[in-house]
Amino acid sequence: MTVWLIALCLGAGCLIGFMGGVLGIGGGLIAIPALVLLMSMSQQLAQGTALIMVLPTIMMAVRKYNQQTRIDRRVALAGAAGAVVFTWVGARLALGIDSSKLRLSFAVFLFFIALFYAWQTWRAGVAAKSPRPAAGRAAPVFTPRRASVLGVLCGTLGGFFGVGGAVLAVPIITSVFRLPQTTAQALALCMVIPGSAVALVTYSWAGQADWLVGLPLAAGSLLFVPVGVRLAYRLPERKLRACFAAMLFATVALLAFES
């Protein structure tokens with residue numbers, strides 16, 4: 001049974017890594033509801049187990065994004081520094097509440113992020129059909145100081161939900177600072193690497209991480225992240241945002257079904 005479980009997790013990791021590379025979410029948003037639904041894990045255990053896969057996958061995805069377009073390291077490091085301590089705070093909060101309440105909070109959070117992405121995709125479609133582009137103010141510069149503030153918010157959410165910091169950061173970076181989707185995904189993933197390591201240690205220390213499941217998920221994921229990242233740079237930006245929103249809505253549906 002253990003061999004079959006490892007093989008199943010390896011195959012699932014391949015699929016999750018591919019989709020995470022395309023969408024720039026590290027795969028955790030896919031893995032957590034799958035672990036809850038298919039393996040009957042508590043929300044905390046699913047989040048901790050997903051982090052085993054998420055951390056190396058994020059590092060691989062960042063490397064591949066950086067090969068396509070150079071990442072602003074000053075901004076990424078500032079965001080990561082802001083996230084580290086608050087990731088631990090978020091993780092401690094998550095470990096202290098009821099699993100069903102944490103799952104419901106996770107679903108509500110993802111639902112509103114998905115709504116925002118759907119609205120952003122619709123707005124981009126309307127703008128593309130308009131004969132004259134609307135004049136607007138210049139976007140603010142995404143400075144290291146602003147990145148550190150965003151890192152605090154994303155770190156808290158990333159620790160509380162196991163993942164989610166990058167999911168929140170991407171729409172903020174694209175809508176407020178108007179950076180391209182792939183650039184936003186690369187920066188967001190950079191910002192959550194140290195915090196994800198802190199969260200993994202915190203969940204593992206509390207016994208809320210299944211390494212027998214997480215390690216083959218990570219191995220499979222690492223194999224297919226590069227393929228997903230390459231596809232992300234070939235897809236039209238609007239289509240990429242639509243895929244991101246669809247994935248979030250699907251995740252919410254899975255969580256609602258489990259509840």
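# Notebook: an all-helix chain

I began with burial: 50% of the 259 residues of the chain count as buried. I note at the outset that this is a predicted model.

**Entry 1. Overall build**

I counted the secondary structure elements and found 10 helices and 0 strands. Read from the N terminus, the order is α-α-α-α-α-α-α-α-α-α. I then looked up the radius of gyration, which is 17 Å; the globule rule gives 18 Å for 259 residues, so the chain is as compact as a globular protein of that length. For the extents, I took the C-alpha trace along its principal axes and got about 60 × 35 × 35 Å.

**Entry 2. Helix 1**

I looked at helix 1, residues 2-23, which has 22 residues. From first C-alpha to last, helix 1 reaches 31 Å, close to the expected 32 Å at 1.5 Å a residue. I also listed its buried residues: Cys9, Gly13, Cys14, Ile16, Gly17, Gly20, Gly21, Val22 and Leu23.

**Entry 3. Second largest pocket**

Which element gives the most to the lining of the second largest pocket? I found that helix 1 does, with 7 residues. The pocket itself holds about 290 Å³ of space. I sorted the lining by class and got 15 nonpolar, no polar and no charged residues.

**Entry 4. Largest cavity**

I searched the whole structure for cavities of 30 Å³ or more and found 1. The volume of the largest cavity is about 150 Å³. Its lining is made of 21 residues; Val163, Gly164, Gly165, Val192 and Ser196 lie nearest the centre. The elements giving two or more residues to this lining are helix 3 (43-68), helix 4 (73-95), helix 6 (144-161), helix 7 (165-176) and helix 8 (181-205).

How many residues of each class line the largest cavity? I recorded 11 nonpolar, 10 polar and no charged residues.

**Entry 5. Aromatic pairs**

I counted 7 aromatic pairs in the structure. Phe111 and Phe112 make one that is edge-to-face, with 5.7 Å centre to centre and 75° between the planes. The cut-off for edge-to-face is over 60 degrees.

I next took the pair of Phe116 and Trp119, which is tilted, at 5.8 Å centre to centre and 45° between the planes. Both residues lie in helix 5 (residues 99-129), 3 residues apart, or about one turn of the helix. An α-helix has 3.6 residues a turn, so residues three or four places apart point the same way. I looked up accessibility for this pair as well: Phe116 is partly exposed at 27%, and Trp119 is partly exposed at 39%.

I also traced a cluster, in which ring pairs link Phe106, Phe109, Phe160 and Phe161.

**Entry 6. Arg123**

I stayed in helix 5 for Arg123, which has its place there. Its relative accessibility is 39%, so Arg123 counts as partly exposed. I then checked Arg123 against Arg238: they are 115 residues apart along the chain, and their C-alpha atoms are separated by 9.8 Å.

**Entry 7. Positive phi**

Most residues other than glycine have a negative phi. I looked for exceptions and noted two residues.

Where does Ser40 lie? I placed Ser40 in the loop between helix 2 and helix 3. Its phi is near 55°, a positive value in a residue other than glycine. Ser40 is exposed, with a relative accessible area of 64%.

Arg178 is found in the loop between helix 7 and helix 8. I read its phi as near 55°, again positive in a residue other than glycine.

Terms used
Residues numbered from 1 in each chain as written. Predicted model: local features only at pLDDT ≥ 70, side-chain atom pairs only at ≥ 80, totals over all residues. Heavy atoms only, no water. Helix = DSSP H or I, 4+ residues; strand = E, 2+ residues; numbered from the N terminus. Expected span 1.5 Å × (residues − 1). Buried < 20%, exposed > 50% of the residue type's maximum accessible area, 1.4 Å probe, protein only. 1 Å grid on protein atoms, 1.4 Å probe; cavity = no way out; pocket = protein on both sides within 12 Å on 5 of 7 lines; lining within 4 Å. Points joined across faces, edges and corners; volume = space filled by probe spheres on them. Nonpolar A, V, L, I, M, F, W, Y, C, P; charged D, E, K, R; others polar. Phe/Tyr/Trp six-rings, centres within 6.5 Å; stacked < 30°, edge-to-face > 60°. Rg over C-alpha atoms; globule rule 2.2 N^0.38 Å.
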